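Dear colleague,

I am handing over the structure below, together with some notes on what was found in it. Please read the notes with the structure open beside them.

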Amino acid sequence: MEANTAQHTAPPQEPVLKDVIPVVGPGHNFETISEKISAIVLTQRTPITLFIGLGMGFLIIQMLMAAVTALLYKGVGIWGLNTPVGWGFDITNFVWWVGIGHAGTLISAILLLMGQKWRTSINRFAEAMTLFAVACAAMFPLLHTGRPWFAAYWLLPIPNTMAIWPQFRSPLMWDVFAISTYGSVSLLFWYVGLIPDLATMRDRAKHWVVKMIFGMLSMGWRGSARHWARYETIYNLLAGLATPLVVSVHTIVSFDFAVSVIPGWHTTIFPPYFVAGAIFSGFAMVLTLLLPVRYLFNLHDFVTMRHIENMAKVMLVTGLMVFYGYNVEAFMGWYSSNKYEGFMIYNRMTGPYWWSYFLLIFCNGVVPQVLWVKKIRQNVYILWFITLIVNVGMWLERFVIVVTSLHRDFVPSSWGRYAPTIWEVMLFVGTIGFFIFMMILFVRALPMIPMFEMKTLLPESKVKHHKE
Amino acid sequence: MTEKTKLYGLMAEFDNPQAIVDATNAAYKAGYRKMDAYSPFPIEELHEALHFHTKVQYIVLVAGIIGGLLGYGLQYWTSAIDYPLNIGGRPYNSWVSFIPITFELTILIGAFSGAIGMILLNGLPQPYHPVFNVPRFSMASSDRFFLCIESEDPKFDRRTTAEFLKSLNALEVTEVEP
C-alpha cells in the first residue's frame, strides 16, 4: 500500500500536456479504484433518487404492459396505421432506439481500436445502454406483426408444415438477422468485459449470498497471466468484429427504406447518414443518462470534463454530418429534376407535417451548433439540456422520414394522413420507462465502470522493459 | 502444515507490476516452468515473461469462415434448391441480396466461438482452484500481484523454492494447499 502511494506521487513517465484534463482524477491507486467503484454496489447506501426513478420506471412499465395487452387482444387495428401510412410510430421508435444503442458499441469497440483511452470509464455504461435500447427497439417490429408467436417462421428459417422459407431477398429479413446478431454480440461483448470485474466483486463482497452470485457469474476467474493473454486477444477481436457490425446494422436499417421505391426513401445517402445519426443520438443519450449518474454517485474522478467534452465534440461532428444529409436531401429534390422527389421535399416543408420538419432542423441542425463554444461544452447543465433536444430531434428525423414520405406518394388519389392513437403513445412512453428501469437496476447491481481497465490507465501500471 | 502434505505450490506476493514481471523473468531464468502469475489487470509483459503465446485467435478465423459459409448456404439452399420462388424475375441464387445475412452470420458465429473458446481454453467455469486457499489471494483482483510456482515443476523443492522466492523481494511467501 505504501509502495503504491509513493509511486503514485512520483511524476508520471508520459509527458503531461498543459490544459489537458486527465481521464482519471488525481490521487487514485489500484485499490482506491476498486474501492470506489465496487462500493456503489456493495456498501454505499442507495440514493433515494434512485428509488424514486425505479418506482417511476416501474409505473411506466405498467403502461407498456397495458398497451401490449390491448394490442395482442385486439390486433394492430388499434394503432393509427392505415393505407398509405403502414409504418408510423412503430418503425419510427424502432429506428430511434436502435440508433441510441449504437453509441455503446462505438464507444466500446471503435474507440478501443483507435486507442482512445478516455473511452474506458464510460464504455460499460454505454454498452448496458446499448443492450436495453436494442431490447426496446426489438419490441416494435415484433409487436407490429400483431401475432409475434406466429411471426417466428416468417422471421427465422424454422422448418414448418407449409415447407416455406423466409424471403432472404427482402431487407426486412436482413434487418432480423442484423438486429438479432447485434443484440447477441453486444451482450457477449459486455459480459466478456465484465468477467474480471465480477471476480473483483466476488473478492470484495462480504455477504455470502452476494459472494456466491458474483462467484458464479465470474466463473472462477483468477487473473492468471495466461488467461489474461487469451482474454485480451479475444476482447480486441470482439471489438474488431463489433466495429463493422455496428456500421452494418444501421446500414441495413436504412436499407429497409432505401431499397424501396418511395420518394424520399430511395436514396443512396441513407446508409452513411443513418449511421451518423445513430452515433449522434447515441452520444446524446449517453450524456443524458451519464450526467445525472455522475452527479448522483460523485463519479467526477472517473467521468471527468475530458470525457464530457469529447462526447460533446462527437455530437457536434455527427450532428453536422446529419445536417449535411438533410441539406443533400433538399438539394437532390431540386437537382434530380424528378417530379416526385421534388414534391416530396416540398411537401415535407409545406405539407401537413411541416412543423415536424422545421422542428427537426431546429433540434438537429441549429441547436447543436452552440457546441462550438468550449464554455457550453463544459457546462453540464446546458449540455444536458442540449442532449434532450437532440434526442427529440433524432426522433423527429425518423418520424419525418417514415411518415411524410409515405403519406403522399405518386398518385394523389392514394394520399392520406397519419396520427398515432393513445395505444401507440403508451407503447412508446412505456419503452422509455422500461429503459430507465433497466438502467437503474444495472447501475445498482453491477460495477458500472470497468475497474480493471481503469487500473491500466494509472502510470504505475506500466512496466519498464529491461535490456539484458 | 506437516511435511507430509503435498502442496499445490508456493506463492509469492508482490505489490507492483514491475516487481511481478521481474520476479517471473527471474523464475523462468532459474529454470522454473510450471508456474503462473496472477494480476488484477492485464500486463502484456507478464505472459511474455512466462513465454506463453496464445492461439485463441485462430478459433475466430475458422469459426467466422464457417459462419459465412453456413449463412450463404442457408440462403442458397432455401431459395434456390428447397423452395425456388421467382421474385420479380430475380435469379434463384440472388447472391447480392444474400450478402448482408452472410456477413451477419460470419460475425455472430465468429464472435461467439471466440468468446466461448477463450473461456473454455482458460479452463473456466472452474468453481474450485487451489490458489483461492491463500487468504490474501482475494487481493489479486484489486491491487496485489502473485507468482505461484507449482509443485509439479521438476525443480520444485519446498525449501529451496521458498528461499528463491524470498530472494526476489516478495512481500510474503505462502504455501498453497492443494
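The crossing of H10(A) and H11(A) is left-handed, a term used when the near helix is turned anticlockwise from the far one by less than a right angle (right-handed if clockwise). Before going further, please note that this is a predicted model, in which local features need pLDDT of at least 70 and side-chain atom pairs count only at pLDDT 80 or more, while totals for chains, interfaces and linings use all residues. Residues are numbered from 1 along each chain as its sequence is written, and chains are lettered from A and ligands numbered from 1 in the order in which they are written.

Helix H10 (residues 270-296) and helix H11 (residues 305-335) of chain A pack at an angle of about 145°, and their axes are 8 Å apart. Helices (H or I, at least four residues) and strands (E, at least two) are DSSP runs, numbered from the N terminus, and axes are lines fitted to C-alpha atoms, for helices over the stretch in contact, with angles running from 0 to 180 degrees between N-to-C directions. Among the residues that meet are Tyr273(A), Phe280(A) and Phe283(A) on the side of H10(A), and Met311(A), Thr318(A) and Gly325(A) on the side of H11(A); contact here requires C-beta atoms, placed from the backbone, to lie within 7 Å. By class, this contact has 13 nonpolar, four polar and no charged residues, where Ala, Val, Leu, Ile, Met, Phe, Trp, Tyr, Cys and Pro count as nonpolar, Asp, Glu, Lys and Arg as charged, and the others, Gly among them, as polar.

Turning to the contact between the two chains, 55 residues come from chain A and 59 residues from chain B. On the side of chain A that touches chain B, H9(A) gives the most, with 16 residues, and that side divides into 29 nonpolar, 16 polar and ten charged residues.

Chain B has five helices and four strands, which follow the pattern β-α-β-α-α-α-β-α-β along the sequence. Its radius of gyration, taken over C-alpha atoms, is 25 Å, well over the 16 Å that the globule rule (2.2 Å times the number of residues to the power 0.38) gives for 178 residues, so chain B is more spread out than a compact globule. The C-alpha atoms of chain B fill a box of roughly 80 × 30 × 30 Å along the principal axes.

The strands of chain B form an open sheet of four in the order E2-E3-E1-E4, with antiparallel pairing; two strands pair if DSSP finds at least two bridges between them. E2 and strand E4 (172-176) of chain B are the edge strands, each pairing on one side only, and the twist averages 20° from one strand to the next. Within this sheet, six bridges join strand E1 (residues 9-14) of chain B to E3(B), and Gly9(B) stands opposite Glu150(B).

All six of the six residues of strand E3 (residues 145-150) of chain B are buried, so E3(B) is largely enclosed by the rest of the structure; a residue is buried if 20 or more other C-beta atoms lie within 10 Å of its own, exposed if 12 or fewer, and partly exposed in between, with C-beta atoms placed from the backbone. Phe145(B), Leu147(B) and Ile149(B) point one way from E3(B), while Phe146(B), Cys148(B) and Glu150(B) point the other way.

With best regards
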